[in-house]
Amino acid sequence: MIIPKIPRLSPEQLDEIIRIVEPFGCRIQPIIGDVRNIYAIVGDERDELMINRIEGLPYVERVEKMQSPFKLMDRRSSLASNHIKVGSVTLGQELLIIAGQCTIDPKNPNYFYETAHAVKEAGANALRGGVWKPRTNPYTFQGDSKSLDILMEAHRRTGLPVDAEVMDEHQLHLALDAGVHMLQVGARNSLNYSLLRAIGAAIATRPATNVLLKRGLHMGTLNEFISAAEYIAAFGNPNILLCPRGTAPALDGYRNHPDESITPLLKEKTWAPVVVDPSHSVGKADYVPACALAAIAYGADGLCIEAHVSPAQGIGDDPKQALTPDILASTIKQARHLWASRRAATAKMDTAKNKT
Ligand code: PEP
Ligand code: MN
């Protein structure tokens with residue numbers, strides 16, 4: 001829909017717009033109002049170049065697109081009935097809990113093995129462990145490929161599927177070759193379109209591999225977030241979980257600005273499950289449980305929580321934000337309880353809506 005700056009376009013201006021849209025297979029339908037006209041674009045209006053050319057005209061205020069820019073991840077797409085599985089959990093049918101260390105310490109693998117057993121005991125369904133780390137400070141520990149063996153050994157010992165962040169194609173292929181079940185795209189890389197494309201291509205023929213796609217560090221639009229998922233899905237594997245993890249600038253006192261409240265908005269636009277990361281949202285262990293429960297109340301399908309058997313001995317974010325196993329266990333218990341009552345309440349409301 002073209003919204004002009006002026007009440008009505010002159011015949012010459014209308015003609016100029018028609019000449020822009022015709023090569024893209026579209027036509028213009030004026031909608032005549034008493035005070036002003038607006039102009040509908042009839043046809044596939046998703047071509048960015050066409051929209052940019054119209055928005056570049058000095059007498060056009062803006063173009064409002066009626067079609068979604070993401071074909072596959074759109075809630076109305078035929079993929080909406082796609083059920084994503086992580087290990088034994090089908091998203092939407094059971095709350096998914098991913099938990100584990102921010103960073104695996106290659107010098108002290110036993111901590112990770114103990115954490116892996118502890119998170120399983122606490123009720124987690126999947127194990128996270130940072131092998132390669134995106135660190136703001138270039139002089140801090142950047143991760144180590146050796147940790148990949150530790151991650152896979154923890155998988156063998158516990159049976160939990162494992163999640164690890166990859167930041168480039170080399171790491172992507174190492175992780176896939178090792179058998180990592182869930183590839184994490186971090187907040188610093190979720191708009192790295194070459195990486196998203198590489199991941200999409202690499203997992204196209206691996207339907208059991210999932211992607212945990214974090215929301216960009218700097219508050220981006222929801223369309224930007226969902227479109228990043230579309231980049232991966234376009235290659236054929238749409239098993240992507242959207243992960244709000246707090247955005248910058250931070251809310252005073254927290255590590256980031258918690259953004260679990262975007263979940264209902266995401267769900268209006270996309271069928272993709274939402275797995276909130278409360279750990280990076282708030283950045284301090286004391287605040288994590290409340291943020292986790294708020295996320296469930298807002299409609300999250302899962303949580304990704306940093307946990308460590310002995311946070312003080314951890315590296316990376318663990319000393320600050322990892323939950324101890326007992327706090328993790330009580331958070332998971334409360335989260336599952338809340339998830340079940342939210343689900344029951346939603347089903348009741350849906351039945352009532354359908355009756356009216
Ligand atoms: C992490 O999960 O440890 C991490 C670095 O996350 P993010 O990309 O959200 O900062
Ligand atoms: Mn971390």
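## Overall architecture

In the protein chain, 69% of the contacts with a separation of 6 or more are between residues 24 or more positions apart; two residues are in contact if their C-beta atoms, placed from the backbone, lie within 7 Å. The model is a predicted one, in which local features need pLDDT of at least 70 and side-chain atom pairs count only at pLDDT 80 or more, while totals for chains, interfaces and linings use all residues. Residues are numbered from 1 along each chain as its sequence is written, and chains are lettered from A and ligands numbered from 1 in the order in which they are written.

The protein chain holds 12 helices and 14 strands; these are DSSP runs, helices being H or I with at least four residues and strands E with at least two, numbered from the N terminus. Its C-alpha trace spans about 75 × 50 × 40 Å along the principal axes. Of the 356 residues in the protein chain, 45% are buried. A residue is buried if 20 or more other C-beta atoms lie within 10 Å of its own, exposed if 12 or fewer, and partly exposed in between, with C-beta atoms placed from the backbone.

## The parallel sheet

An open sheet is formed by 8 strands in the order E12-E11-E10-E9-E8-E7-E14-E13, and the pairing is parallel. Strand E12 (240–243) and E13 stand at the edges with a single partner strand each, so one side of each is left without a neighbour in the sheet. Two strands pair if DSSP finds at least two bridges between them.

Several of these pairings can be followed residue by residue. Strand E9 (residues 162–165) and strand E10 (residues 182–185) run parallel and are joined by 3 bridges, with Met-182 in E10 as the bridge partner of Asp-163. E7 and E8 pair in the parallel sense over 4 bridges, and Ala-99 has Leu-127 in E8 as its bridge partner. In strand E8 (residues 126–129), Ala-126 and Arg-128 point one way, Leu-127 and Gly-129 point the other way, and all are buried.

## Strand E14 and Gly-302

Strand E14 (residues 302–306) is largely enclosed by the rest of the structure, because 5 of its 5 residues are buried. Gly-302, Cys-304 and Glu-306 point one way from E14, whereas Leu-303 and Ile-305 point the other way. Strand E7 (residues 96–101) pairs with E14 in the parallel sense over 5 bridges, and Ile-97 stands opposite Leu-303. Strand E13 (residues 275–276) also runs parallel to E14, joined to it by 2 bridges; here Leu-303 is the bridge partner of Val-276.

Gly-302, found in strand E14, counts as buried because it has 29 C-beta neighbours inside 10 Å. Leaving aside neighbours within four places in sequence, Gly-302 is in contact with residues including Leu-96, Ile-97 and Ile-98, as well as Leu-241 and Val-275. Gly-302 and Pro-7 are 295 residues apart in sequence, and their C-alpha atoms are 48 Å apart in space.

## Helices H6 and H7

Helix H6 (residues 193–203) packs with helix H7 (residues 222–233) at an angle of about 40°, their axes being 7 Å apart. Axes are lines fitted to C-alpha atoms, for helices over the stretch in contact, and angles run from 0 to 180 degrees between N-to-C directions. H6 and H7 are therefore oblique to each other: angles under 35 degrees count as roughly parallel, over 145 as roughly antiparallel, 65 to 115 as roughly perpendicular and the rest as oblique.

At the contact, Tyr-193, Leu-196, Arg-197, Ile-199 and Gly-200 in H6 meet Ala-228, Tyr-231, Ile-232 and Ala-233 in H7. The residues of this contact divide into 7 nonpolar, 1 polar and 1 charged. Ala, Val, Leu, Ile, Met, Phe, Trp, Tyr, Cys and Pro count as nonpolar, Asp, Glu, Lys and Arg as charged, and the others, Gly among them, as polar. The buried residues in H6 are Leu-195, Leu-196, Ile-199, Gly-200, Ala-202 and Ile-203, and their cover includes helix H5 (169–178), E10, strand E11 (210–214) and H7.

The residues around ligand 1 are Cys-102, Gly-130, Pro-134, Gly-186, Ala-187, Arg-188, Lys-214, Arg-245, His-280 and Asp-317; a residue is near a molecule if its C-beta atom, placed from the backbone, lies within 6 Å of it. This shell divides into 3 nonpolar, 3 polar and 4 charged residues.
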